[in-house]
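I opened my notebook to look up a few local features, starting with the aromatic side chains and then moving to the backbone. Here is what I wrote down.

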Amino acid sequence: MTPLGEKLRELRRSKGVSQKEMASAIGVSAAYLSALEHGRRGVPTWVLLQKIIGYFNVIWDDAEELQRLAEQSHPRVVIDTSGLSPAATELANLLAERIASLDSQTLGEITGLVNGAQKPAPGRYDD
């Protein structure tokens with residue numbers, strides 16, 4: 001499940017509606033909505049995301065949060081490490097290889113480290 005899928009399920013359940021009801025209201029199939037919630041579909045279009053925001057009557061910060069979650073919810077990520085350090089390439093490959101075996105605490109710790117990291121100047125990296 002993606003971060004967006006988890007949030008959609010939470011919103012849908014709090015509103016007490018089925019996937020079928022929500023899908024009909026926003027103009028998609030129940031199968032598509034299910035696949036979106038379970039992370040088997042990519043990021044929804046901006047138009048569909050706006051329909052979802054409207055459906056749940058989400059405003060301001062909550063709407064921005066849904067948009068942020070959508071941007072971070074592509075289930076098949078490609079990381080281009082060309083031009084980056086060997087350490088960056090190694091990290092990307094280790095994550096690709098082992099991410100399925102990491103527990104939620106470890107994933108949270110890694111996410112916290114990455115979110116807290118300062119972005120280096122363009123073309124520069126530390127070894």
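Entry 1: I began with Phe56, which is buried at a relative accessible area of 13%. I keep in mind that this is a predicted model. Next I looked up Tyr55, and that residue is buried too, with a relative accessible area of 17%; the cut-off for buried is under 20%.

How many aromatic pairs does a search of the whole structure find? I got 1 aromatic pair. The partners are Tyr55 and Phe56, with ring centres 5.0 Å apart and planes at 75 degrees, so I noted the pair as edge-to-face. Planes over 60 degrees apart count as edge-to-face.

**Entry 2: a charge over a ring.** Which residue lies over the face of Tyr55? I found Lys15 there, at 3.9 Å from the ring centre.

**Entry 3: backbone angles.** A reminder to myself: most residues other than glycine have a negative phi. With that in mind, I looked up two residues.

Asn57 is not a glycine, yet it has a positive phi of about 55 degrees. I located Asn57 in the loop between helix 4 (46-55) and helix 5 (60-71). Is Asn57 buried or exposed? I wrote down exposed, with a relative accessible area of 62%.

Trp60 is also not a glycine and has a positive phi, of about 45 degrees. I placed Trp60 in helix 5. Its relative accessible area is 70%, so Trp60 is exposed.

Key: Residues are numbered from 1 along each chain as its sequence is written. This is a predicted model: local features need pLDDT of at least 70, side-chain atom pairs count only at pLDDT 80 or more; totals for chains, interfaces and linings use all residues. Side-chain values use heavy atoms; hydrogens and water are left out. Helices (H or I, at least four residues) and strands (E, at least two) are DSSP runs, numbered from the N terminus. Buried means under 20% relative accessible area, exposed over 50%, partly exposed in between (1.4 Å probe, protein chains only). Rings of Phe, Tyr and Trp (its six-membered ring) pair if their centres lie within 6.5 Å; planes under 30 degrees apart count as stacked, over 60 as edge-to-face and the rest as tilted. A charge sits over a ring if NZ of Lys or CZ of Arg is within 6 Å of the ring centre and within 35 degrees of the ring normal.
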